[in-house]
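Reader: I would like a close look at one loop, and then at what surrounds it. Please keep it short and plain.

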Amino acid sequence: MTLLEAIILTVITASTPLLIAALGELVVEKAGVLNLGVEGMMIMGAACGFAVAILTGNTWLGVIGAILAGAVLASVFALLTLGLAANQVASGLALSIFGLGLSGVIGASFVGLQREVMPKLFIPGLSDIPFLGRILFNQDPFVYASLALLAGVWWFLFRTRAGLVLRACGENHTSAHALGYPVLRIRLLAVLFGGACAGLAGAYLSLAYTPFWSPGMTAGRGWIALAIVVFASWLPWRAALGAYLFGGVTILQLHAQGAGLAVPSQFLAALPYLVTIVVLVLIMRARSGASAAPAHLGTPFVPDR
Amino acid sequence: MRIVLEKRDDTSAFAAVLSPVIAVLLTLVAGAIMFALMGKDPLAALSTYFLSPLQDWGSIQEIFVAATPIVLIAVGLSLCYLSNNWNIGAEGQLVMGAIFGGFVAIVTHGVPNGPWVFPVMLLAGMLGGALFGLVPAVLKTRFGANEILTSLMLVYVAELLLDWLVRGPWRDPHGFNFPQSVMFEPEALALRLVETGRLHVGALLMLVVVIAGAVVMGRTLKGFEVRLVGEAPRAARFAGFDDKRLTLTVFALSGALAGIAGVLVVSAQIGQLQPTISPGYGFTAIIVAFLGRLNPIGCLVAGLFLALTFIGGENAQIFLRLPLDVTRVFQGFLLFFVLACDTLMLYRIRIEREAAA
């Protein structure tokens with residue numbers, strides 16, 4: 001395997017959890033809800049996914065456990081913000097703090113355990129193609145799932161009637177309500193979908209990316225996923241671009257550290273966070289301040305019959 | 001059957017005080033259930049958490065020591081949140097304050113110095129925290145970049161910078177290669193208020209800031225401006241208030257307070273710089289700000305309560321072998337319930353039969 005192949009492969013694996021989480025949050029925000037709890041749902045997915053996989057000895061059950069964990073946490077958020085019309089920013093922060101804490105409690109007895117990472121899918125014939133085969137057809141199932149999710153989210157949001165209704169709820173919930181659409185129910189489903197995606201992204205970290213669980217292992221990836229949604233101007237394919245850009249920066253700094261570059265490792269480790277900031281600034285400049293956000297993003301909706 | 005939220009016409013002052021109390025009670029119930037699920041005796045666990053730190057003067061002092069940085073930060077964050085500026089990077093501003101303050105302590109180490117060192121450290125920490133807090137504010141006002149994300153990303157940057165400093169240029173040359181700075185000299189340590197125990201001058205500073213905050217918010221035009229910009233930005237613009245300048249002001253102010261908190265943490269609690277200096281005070285302060293109803297005096301009460309859970313959490317770790325993360329779960333519960341109870345204050349909940357809807 002050449003170095004270039006190795007780098008591209010690792011970039012793809014580093015980007016996949018970001019892409020999955022960002023796509024979930026993108027749907028949530030398109031429905032008009034801002035859930036800042038991605039980090040909390042993601043780490044709960046990582047902890048519960050690993051715990052279930054160890055207890056049952058089955059990676060796939062672990063994945064399902066992670067998805068459920070993310071969705072359950074999202075339902076708490078939905079209860080607060082949709083059911084009780086609580087402040088979405090504060091509720092999302094609470095979800096992140098809560099998730100980080102609870103994942104530590106749940107994962108405490110699993111620290112130090114190891115298990116096999118999810119095997120790569122090997123497709124006879126296709127995987128043997130030089131260069132392209134290794135990159136495109138020798139990935140773990142999560143990578144294919146993330147690409148399917150990308151296509152699915154795009155198709156749903158922009159090619160189906162249900163997607164149109166969902167976007168209407170995000171642009172103007174009063175009008176959507178007046179037209180007879182169940183705004184809160186649609187938002188609930190979107191929030192649950194976002195939670196499931198964040199949980200899945202977490203499962204990727206503890207079941208495929210690394211062979212173990214460690215407290216706080218998401219290391220801000222949930223927040224970067226939120227930044228990717230802004231970067232993407234709420235467009236799915238741009239979210240993929242953003243995810244691969246951030247994945248690329250992460251891997252680049254790891255390789256630079258490995259190559260013994262004469263820069264302190266901490267500076268390189270800070271790179272993904274700094275790039276996030278720079279990209280947020282550049283994207284706002286490019287839009288000259290005008291926001292592409294759904295018009296009613298983050299505003300609570302209380303039906304007024 | 002369906003549940004309907006109806007806006008209340010007025011919010012009573014009684015409800016404003018009652019809702020955090022209900023939230024605390026619900027947190028205790030949720031905590032008891034969690035302990036029971038973890039196979040611990042709920043009553044014993046809760047009493048370790050909430051009563052054991054109150055049993056001797058030494059740990060009551062510790063509550064004040066832990067509350068000091070939390071309350072200082074929470075007062076600043078209240079100003080931010082009231083004016084719709086979502087600074088969630090106080091943890092990073094705290095670290096930057098500690099770096100600036102620690103720099104003063106390190107350069108005055110081993111040279112003739114005097115009692116001026118600690119005040120200069122406080123000023124340096126204020127400066128460091130304010131400058132670091134201004135970064136997301138400037139990015140927001142100049143470019144419209146989302147301050148929630150930028151301020152949080154800067155937390156990681158500040159922590160990595162501190163990590164580099166204490167492993168690299170600021171490492172104690174006689175410290176057996178441990179990643180830590182020299183021990184601060186007595187002049188660089190916060191003045192103790194008592195003979196035995198760790199209660200220090202920061203507690204007084206905290207009270208001064210709380211009182212000043214309460215006066216500014218309740219009695220001055222600036223306080224009115226902060227609330228108006230948050231509640232009715234359009235009206236505030238018509239009234240001639242400059243919301244961009246206010247964003248810069250509140251970020252600088254909350255950054256400066258977080259910077260002071262950082263100096264106090266290293267000079268009163270640790271006595272040197274280490275790779276990790278805060279058990280998440282900057283994030284706890286977010287909860288404290290909300291629990292205290294974005295009111296400085298409320299922040300003081302809420303901060304003392306949350307500090308109690310920090311000390312109680314340490315006791316529970318030692319005596320009951322409960323993981324320290326339980327404290328965070330508690331804090332999450334608390335914020336959930338506070339937000340939920342706030343809704344009950346703003347809205348009346350009615351249950352209707354389906355036919356009526």
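Reader: Where in chain B does B:Leu294 lie?

Author: B:Leu294 sits in the loop between α11 (281-291) and α12 (296-320) of chain B. Helices here are DSSP runs of H or I with at least four residues, strands are runs of E with at least two, and both are numbered from the N terminus. This is a predicted model, in which local features need pLDDT of at least 70, side-chain atom pairs count only at pLDDT 80 or more, and totals for chains, interfaces and linings use all residues. Residues are numbered from 1 along each chain as its sequence is written, while chains are lettered from A and ligands numbered from 1 in the order in which they are written.

Look at the backbone of the loop. B:Leu294 is not a glycine, yet its phi is positive, about 55°. B:Leu294 counts as buried because it has 21 C-beta neighbours inside 10 Å. The cut-offs are 20 or more other C-beta atoms within 10 Å for buried, 12 or fewer for exposed, and partly exposed in between, with C-beta atoms placed from the backbone.

A:Ala219 is in the loop between α9 (183-209) and α10 of chain A. A:Ala219 has 17 C-beta neighbours inside 10 Å, so it counts as partly exposed.

Now the setting in chain B. The chain has 13 helices and two strands. Its radius of gyration is 22 Å, close to the 21 Å of the globule rule for 357 residues, so chain B is as compact as a globular protein of that length. That radius is taken over C-alpha atoms, and the rule is 2.2 Å times the number of residues to the power 0.38. The C-alpha trace spans about 80 × 60 × 35 Å along the principal axes of chain B. Of the 357 residues of chain B, 52% are buried.

Next, the core. The largest nonpolar core holds 223 residues. Such a core is a set of buried Ala, Val, Leu, Ile, Met, Phe, Trp, Tyr and Cys residues joined through C-beta atoms within 7 Å. Among those with the most contacts inside it are A:Ile228, B:Val71 and B:Val288. Beyond four places in sequence, B:Val71 is in contact with B:Met206, B:Val210, B:Val288, B:Cys299, B:Leu300 and B:Gly303. Contact means C-beta atoms, placed from the backbone, within 7 Å.

Then the partner. In chain A, 40 residues are in contact with 38 residues of chain B. Elements giving two or more residues to the chain A side include α4 (88-107), α10 (221-231) and α13 (271-286) of chain A. α4(A) gives the most, twelve residues. That side divides into 31 nonpolar, eight polar and one charged.

Key: Two residues are in contact if their C-beta atoms, placed from the backbone, lie within 7 Å. Ala, Val, Leu, Ile, Met, Phe, Trp, Tyr, Cys and Pro count as nonpolar, Asp, Glu, Lys and Arg as charged, and the others, Gly among them, as polar.
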